[in-house]
Amino acid sequence: MCGIVGYIGSAKAAPFLIKGLHQLEYRGYDSAGIALTQPETGRIEVFKAKGKVDNLERKLQQAAGEAAAFTVGIGHTRWATHGEPSEQNAHPHLSGSGELALVHNGIIENYQLLKEQLVELGYTFQSETDTEVLVQLIDYFYQKNGKKLKNAVSQALKKTIGAYAIVVMERNNGRHLVAARKASPLVIGIGQDSSEFFIGSDATPLIEHTHKMVYLEDEQIAEIRMGHELEITNLDEIVAEVSVKDVDLDISALSKGGYPHFMLKEIFEQPQCIENCMRGRVVKQADGTYDINLSALHNFKAKLIRARHVIIVACGTSWHAGLIGKQLIEEMCRIRVEVEYASEFRYRNPVIEKDDVVIAISQSGETADTLAAIQLAKQEGALVFGIVNGVGSSIARETETGVYIHVGPEIGVASTKAFTGQVTVLTMLSLALGRALGTVAEDKFQQICAGLVEIPRLMKQVLKQNDAIANLASQFTYAKNFLYLGRGYNYPVALEGALKLKEISYIHAEGYPAAEMKHGPIALVDKEMPIVFIATHHQLYHKIISNMQEVQSRGGRILAVVTEGDTDIQKFAHDLLEVPDIINCLEPLLSVLPMQLLAYHVAVKKGLNVDMPRNLAKSVTVE
Ligand code: F6R
């Protein structure tokens, strides 16, 4: 996701900022910017560019003038969340008074309300971002309190709901920076004798300058002044202890967040991604009950409620998420749903009626076939709803409404966190629509919401089996074929498990609904054939045990994903992996994790390039 850097000291700030932004490129971004100041000059110079940090660097070389020598600066790489990728929406954002500049990672959930209040107070806005709202809010308190920056920051943050890591710069007092965090990391590196400080959203840009680092805690504010000790307080300005850590890290590993591959990093990010995806959307109310808040649903409620028929169009992993979406929407909303490969749909002269809703699912938002399917649906007058990760992407722009999955950039070619993000959005959408239609019982609605908010914690539990899965994977590198079997909500997970394995390990794998096995694929089963069963408690458990017995009696090697504590399946399976018990419609969010890890480790054991498998592209912008 977005990256932050900052510098205050006696060296030129720009070279550190630009290099630091390059070092944070691994997080993914769509635009970049820096702000520079100098204690004596009392002015802030901002440089921004859409696209790569190289573009920003070129701009700086052409236009920086004396600012190139300024010794205080903040910088940012932005991954769009509110407003498309553009120079205007890129950070740093200046307050209307021009006195403050801010960089921000995270999402301000109540920015709309704050913006309305600030507009009433006469504030105007140049961008569509939540970040500009935050800098204006800080400015409001700053003007009111006699220009005490730290106090203004704490007052503003008290009004803010959401996640943030911020660094704020002041025009007329270039001798300090103020930084704060909540639910988004921020680290401050201390130079020799506190003569200079380095700031980063992670330690990557800092490590070559200092090993003395302070990781801010949630709701802490740091005042960073050249030549002074770091001062940290909470939002009530009560002084907190400054805990300096001696950090020694391998910079090459840091660029992937400490993981050997982007794919593994992205698999492990999922608990945080799902939290981000639900932030401000699954809301616990004062009486302890849950509500689901999706503005797309609110704005198009009448059309969505009228829908007699939903068509989901997508490709690959997003299509598998769509299959789960079909089950969710049919269960919660009692609306008929078809799931179509976008590539087939676009050429099939499909029946689309005016009251139909077409849901397009895409991680990149750029998939050519999905785009073409959307255009066809629009021509026929259907409402097109997007479930997309790429903010401002072609699909986000082409769809009339939709919900971003907000899982951050996915760099590994094999999709992982986008899948769980898409399933989370589909779950929230089905629940909210089902409630509006009156087709989901209130106690079931509440039970599923309560389960959803537990998912990040339960995902972490499943991920603890990583080492066990890595060991298991060594036993499968010989395999030429794999079969993945599941039922109900876990049938699409079987398809997804098989797709992951073939994409990165080049082992042929097929996913099937378990009961279909005896209509053909069982002919393939022999001692050489690993068969993965997703056999959790809910999904026709006893029937899947019978399917397992059929495989066992033909000598197939069974790896079963079971509900925690299930010992009955031990009799049939060679190996067991566990997922915590959860209501069945939420199971894919947990059961897909062992599938992702298994594919990853088999590919690693085979010595393959997991992040860039042969013949595949991250974004399929051609037919
Ligand atoms: C699988 C994978 C692909 C994509 C497919 C659709 O790991 O990455 O199957 O899911 O190309 O891409 P998006 O979701 O970007 O439309």
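Is E398 buried, partly exposed or exposed? In this predicted model, in which local features need pLDDT of at least 70, side-chain atom pairs count only at pLDDT 80 or more, and totals for chains, interfaces and linings use all residues, residues are numbered from 1 along each chain as its sequence is written. Side-chain values use heavy atoms, with hydrogens and water left out. E398 is partly exposed, with a relative accessible area of 26%, where buried means under 20% relative accessible area, exposed over 50% and partly exposed in between, as computed with a 1.4 Å probe on protein chains only.

The protein chain has 19 helices and 26 strands, these being DSSP runs numbered from the N terminus, with helices (H or I) of at least four residues and strands (E) of at least two. For 623 residues a compact globule would have a radius of gyration near 25 Å, and the 26 Å of the protein chain agrees with this expectation; the radius is taken over C-alpha atoms, and the globule rule is 2.2 Å times the number of residues to the power 0.38. The C-alpha trace spans about 80 × 55 × 50 Å along its principal axes. Buried residues make up 61% of the 623 residues, and the accessible surface, from the Shrake-Rupley method with a 1.4 Å probe and with only the protein chains shown counting as cover for residues, comes to about 23700 Å², of which 48% belongs to carbon and sulfur atoms. Of the contacts (heavy atoms within 4.5 Å) with a separation of 6 or more, 70% are accounted for by residues 24 or more positions apart.

The protein chain carries 61 positive and 73 negative side chains, and the centres of the two sets lie 2 Å apart. In this count Lys and Arg are positive and Asp and Glu negative, whereas His and the chain ends are not counted; the place of a charge is taken as NZ of Lys, CZ of Arg, CG of Asp or CD of Glu. Side chains of opposite charge can pair when their charged atoms come close. The structure holds 25 salt bridges, each defined by a side-chain nitrogen of Lys or Arg within 4 Å of a carboxyl oxygen of Asp or Glu.

One of these salt bridges joins D218 and R181, with the closest N and O atoms 2.7 Å apart. Because D218 lies in the loop between β11 (212–215) and β12 (220–225) and R181 in strand β8 (residues 176–182), the pair ties together parts that are 37 residues apart in sequence. D218 is partly exposed at a relative accessible area of 42%, whereas R181 is buried at 16%. A salt bridge is also formed by the side chains of R435 and D291, at 2.8 Å from N to O; since R435 belongs to helix α14 (residues 417–437) and D291 to strand β16 (residues 290–292), this pair ties together parts 144 residues apart in sequence. R435 counts as partly exposed at 28% relative accessibility, and D291 likewise counts as partly exposed at 28%.

The side chain of E398 meets that of K378 in a salt bridge of 3.3 Å, N to O. The pair links distant parts of the chain, with E398 in helix α13 (residues 394–398) and K378 in helix α12 (residues 368–379), 20 residues apart. K378 counts as partly exposed at 34% relative accessibility.

Helix α5 (residues 149–158) is largely enclosed by the rest of the structure, because 8 of its 10 residues are buried. The buried positions of α5 are L149, K150, N151, A152, V153, S154, A156 and L157, and they pack against β6 (100–105), α4 (130–144), β7 (164–170), β8, β12 and β13 (231–234). In helix α18 (residues 541–552), N547 is buried with a relative accessible area of 3%; leaving aside neighbours within four places in sequence, N547 is in contact with R487, A514, A515, M517, K518 and F533.

As regards backbone geometry, a cis peptide bond with omega of about -5° joins H91 and P92, and P92 is placed in the loop between β4 (72–78) and β5 (93–94). E237, a residue other than glycine, has a positive phi near 65°; E237 is found in the loop between β13 and β14 (245–246) and counts as partly exposed at 33% relative accessibility. H406, which is not a glycine, has a positive phi of about 55° and lies in the loop between β21 (401–404) and α14, where H406 is buried with a relative accessible area of 14%.
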